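This briefing is for a reader who is new to the structure shown below. Please look through the sequence and the model before reading the notes.

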Amino acid sequence: METAVTRLQTMFQKAESDLDYIQHRLEFEIMKSLPDSPAAAEENPATLLKELSVVKSRYKTLCMRLERIFVEQRESMESIRAALENTTKMVQVLQRHADLQPLSSGPTVPSSAEEQP
């Protein structure tokens, strides 16, 4: 499971890097192709860049949430394992106190001391 999370984190980091590249490329292309005329200002490329910044911000928030979910999932699994281990130990103690054989041992064979009348 950790490898899957690591893979996701790597994919998110690559996507973030790609978004940075796209943003810088857009800024460059806009500056290169945008004439200084007032009519070109109506296209408003700054708005597009702001929207890209908002997307990047949302993406970072998503990455942080993913990390928190991963940590909480790991803690939950550790808690479940500990509870299961405790329950197993308690069942074993109860079986010993009740003088029962553990369920996993299969059918019991009487010992030689029990066979003598």
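The notes below go from the whole chain to single pairs of residues.

This is a predicted model. The chain has three helices and zero strands, and its elements run α-α-α from the N terminus on. A search of the whole structure finds four salt bridges and one aromatic pair.

**Overall layout**

- Helix H1 covers residues 2-33, helix H2 covers residues 45-97, and helix H3 covers residues 112-115.
- The chain holds 117 residues, of which 10% are buried.
- Of the contacts between residues at least 6 apart in sequence, 70% join residues that are at least 24 apart.

**Confidence**

- The mean pLDDT of the chain is 77, and 72% of the residues score at least 70.
- Among the elements of the chain, H2 has the highest mean pLDDT, at 88, while H3 has the lowest, at 47.
- Over residues 109-117 the pLDDT stays under 50, and for this stretch the model has one contact beyond four places in sequence.
- Where pLDDT is low, predicted coordinates should not be read in detail.

**Salt bridges within a helix**

- Side chains of opposite charge can pair when their charged atoms come close.
- In helix H1, lysine 14 and aspartate 18 are four residues apart, or about one turn of the helix.
- The side chains of lysine 14 and aspartate 18 form a salt bridge with an N to O distance of 3.0 Å.
- Lysine 14 is exposed because its relative accessible area of 52% is over the cut-off of 50%.
- Aspartate 18, with a relative accessibility of 34%, counts as partly exposed.
- Helix H2 holds another pair, glutamate 85 and lysine 89, which are four residues apart and so separated by about one helical turn.
- The salt bridge between the side chains of glutamate 85 and lysine 89 has an N to O distance of 3.2 Å.
- Both residues of this pair are partly exposed: glutamate 85 has a relative accessible area of 46%, and lysine 89 has one of 45%.

- The side chains of lysine 56 and aspartate 20 meet in a salt bridge, at 2.3 Å from N to O.
- This pair links distant parts of the chain, since aspartate 20 is in helix H1 and lysine 56 is in helix H2, 36 residues apart.
- Lysine 56 counts as buried because its relative accessibility of 15% is under the cut-off of 20%.
- Aspartate 20 is partly exposed, with a relative accessible area of 26%.

**Glutamine 23 beside lysine 56**

- Glutamine 23 is in helix H1 and is buried, with a relative accessible area of 12%.
- The side chains of glutamine 23 and lysine 56 make a polar contact at 3.1 Å.
- Apart from neighbours within four places in sequence, glutamine 23 is in contact with Leu49, Leu52, Ser53 and Lys56.
- Lysine 56 therefore takes part in a salt bridge with aspartate 20 and a polar contact with glutamine 23, while counting as buried at 15% relative accessibility.

**The aromatic pair**

- The one aromatic pair found in the whole structure is made by phenylalanine 12 and tyrosine 59.
- The ring centres of phenylalanine 12 and tyrosine 59 are 5.4 Å apart and the planes stand at 55 degrees, so the pair is tilted.
- The pair links distant parts of the chain, with phenylalanine 12 in helix H1 and tyrosine 59 in helix H2.
- From C-alpha to C-alpha, phenylalanine 12 and tyrosine 59 are 8.3 Å apart in space, although 47 residues separate them in sequence.
- Phenylalanine 12 counts as partly exposed at 21% relative accessibility, whereas tyrosine 59 is buried, with a relative accessible area of 10%.
- Leaving out neighbours within four places in sequence, phenylalanine 12 is in contact with Tyr59, Leu62, Cys63 and Leu66.

Methods. Residues numbered from 1 in each chain as written. Predicted model: local features only at pLDDT ≥ 70, side-chain atom pairs only at ≥ 80, totals over all residues. Heavy atoms only, no water. Helix = DSSP H or I, 4+ residues; strand = E, 2+ residues; numbered from the N terminus. Buried < 20%, exposed > 50% of the residue type's maximum accessible area, 1.4 Å probe, protein only. Polar contact = N/O pair within 3.5 Å; in protein donor to acceptor, adjacent residues only side chain to side chain. Contact = heavy atoms within 4.5 Å. Phe/Tyr/Trp six-rings, centres within 6.5 Å; stacked < 30°, edge-to-face > 60°. pLDDT = per-residue confidence, 0-100.
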